[in-house]
Amino acid sequence: MRKPLVALGTTALLLASSLTLTLGSASDAAADGRAYCKAMFGSYEPLLYQGIQGYTLEVQELQCELNYWKPSLNLAVDGKFGPATLAAVVTFQKFAGLEPDGKVGWYTWTKLDAWCNYLET
């Protein structure tokens, strides 16, 4: 379940202090796994859709988690919800049995988290 925005700083600090993290490329993010995503981008996810402005970190987290779910997507973790991110979201939504509308809301975040948690085990 999502953590409130207030806990974002504490969560990132705890994760960063318990892990050896380095800043790097999108391929580094996928290689380091989901802990990298959470430590770097937090855990506050609003409704995201193609063309959204002002949610760069949240879109980066989405891209990072989609790369973790399916590394072959090889999405650039650039914070821009463009055509490649939209296609990856629709692919995930179809896979997860959700309506493939390309909008990342509560249901999509929940399913993506569930699949990423499953992959961690």
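Trainee: In this predicted model, does Gln93 count as buried or exposed, and why?

Mentor: Buried means under 20% relative accessible area. Gln93 has 1% relative accessibility, so Gln93 counts as buried.

Trainee: Okay, and which residues does Gln93 touch, leaving out those up to four places away in sequence?

Mentor: Gln93 touches Leu98, Glu99, Pro100, Asp101, Gly102, Lys103 and Thr108.

Trainee: Where does Gln93 lie?

Mentor: Gln93 lies in helix H5, which covers residues 83–96. That helix has 14 residues and reaches 20 Å from its first C-alpha to its last, close to the 20 Å expected at 1.5 Å a residue. Then comes Gly97, with a positive phi near 80 degrees.

Trainee: How do I read the buried residues of a helix like that?

Mentor: Start with the general idea: an α-helix has 3.6 residues a turn, so residues three or four places apart point the same way. Now look at H5: the buried ones are Thr85, Ala88, Val89, Val90, Phe92, Gln93 and Ala96.

Trainee: What do the buried residues of H5 pack against?

Mentor: They pack against helix H4 (56–69) and helix H6 (106–120).

Trainee: And how do I read a nonpolar core?

Mentor: In soluble globular proteins, nonpolar side chains tend to be buried together. Here, the largest nonpolar core has 18 residues, and those with the most contacts inside it are Leu48, Leu62, Leu66, Phe81, Val104 and Leu112. H4, H5 and H6 are the elements that give two or more residues to this core, with H4 providing the largest share, five residues.

Trainee: Which residues does Phe81 touch, again not counting residues up to four places away in sequence?

Mentor: Its partners include Leu48, Leu62 and Val104, and also Leu86 and Val89.

Technical notes:
Residues are numbered from 1 along each chain as its sequence is written. This is a predicted model: local features need pLDDT of at least 70, side-chain atom pairs count only at pLDDT 80 or more; totals for chains, interfaces and linings use all residues. Side-chain values use heavy atoms; hydrogens and water are left out. Helices (H or I, at least four residues) and strands (E, at least two) are DSSP runs, numbered from the N terminus. The expected span of a helix is 1.5 Å times one less than its number of residues. Buried means under 20% relative accessible area, exposed over 50%, partly exposed in between (1.4 Å probe, protein chains only). Contact means heavy atoms within 4.5 Å. A nonpolar core is a set of buried Ala, Val, Leu, Ile, Met, Phe, Trp, Tyr and Cys residues joined through side-chain atoms within 4.5 Å.
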